[in-house]
Amino acid sequence: MSLMKKIFTAFRGGAREAGEAIVDANSIRILEQEIKDAENHISKAKQDLTTVMAKEMQSNREIDRLKKQIDEYEGFAMEALNKGDEALATEIAEKIASLEPELSLQEETKSSFSAHASRLKDLVKKTERQLGEYKRQLVMVKTTDSVQKATSAISDNFTNSNSKMMSATESLERIKKKQKDFDDKLKAAEILDAENSDTSLEAKMKQAGIGEQASSASSVLDRIKAKKGA
């Protein structure tokens, strides 16, 4: 293989891969459009089917008309024979003979329309069943695609935000430490305030037995005995 052929082959291979990549990237959109195109074709087929069925109905009416006309002329021919008018009966028979080929043609036409309409009905029903299945499959593949995209996004975001999460964790710990420091300072201030108050001083004096002490039963009894001895 010459160099140019290899280059051309490589180019065609690259073009094919690029084309496949485009198709894969837009596969759901392509499927949706294909289903839409199929719906349009079915709609057109139904219009054609109604035309064929209308022609069949027209052929039926024409057949009924011709049969009725032939029956009438046969009655006229019988009446002419009953009256002994052979010539008139023959003329009426010729009229009937001219109508019968037309009747045969209309019956053939009607049969053709009927067969074609039957085939079209079956084809439309079959295509609609297939289209319904494609629509159900489309719903499932779209749902699956959405779930997969969501899963991928979550995974990518988690991977890409690991450093951010670490930074956020550090920030949270710093905030907690700052709040704990504030609480500790507040408690220390309360203790300091208590130590600097008169209440704290009195408590310390009472503990050391200095100053006015609360009366007790024993001290009251001693005081009474002292007065008695005096």
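Let's start with Arg136, which is partly exposed, its relative accessible area being 49%. This is a predicted model, and in it Arg136 pairs with Glu133 through a salt bridge, at 2.8 Å from N to O. Both residues sit in helix α3, three residues apart, or about one turn of the helix. Glu133 is partly exposed too, at 33%.

Elsewhere, salt bridges with shared partners tie Glu62, Arg65 and Glu102 into one network. Searching the whole structure turns up nine salt bridges.

Some pairs reach across the chain. Take Glu32 and Lys142: their closest N and O atoms are 2.9 Å apart. Glu32 has 31% relative accessibility, so it counts as partly exposed.

Then there's Lys135 with Glu39, a salt bridge whose closest N and O atoms come to 2.4 Å. Lys135 is in helix α3 and Glu39 in helix α2, so this pair ties together parts 96 residues apart in sequence.

## Helix α2 itself

Helix α2 covers residues 27-82 and spans 81 Å from its first C-alpha to its last, close to the expected 82 Å. Its buried residues include Ile35, Ile42, Leu49, Glu56 and Ser59. After α2 comes Gly84, with a positive phi near 80 degrees.

## A positive patch

Terms used: Residues are numbered from 1 along each chain as its sequence is written. This is a predicted model: local features need pLDDT of at least 70, side-chain atom pairs count only at pLDDT 80 or more; totals for chains, interfaces and linings use all residues. Side-chain values use heavy atoms; hydrogens and water are left out. Helices (H or I, at least four residues) and strands (E, at least two) are DSSP runs, numbered from the N terminus. The expected span of a helix is 1.5 Å times one less than its number of residues. Buried means under 20% relative accessible area, exposed over 50%, partly exposed in between (1.4 Å probe, protein chains only). A salt bridge is a side-chain nitrogen of Lys or Arg within 4 Å of a carboxyl oxygen of Asp or Glu.
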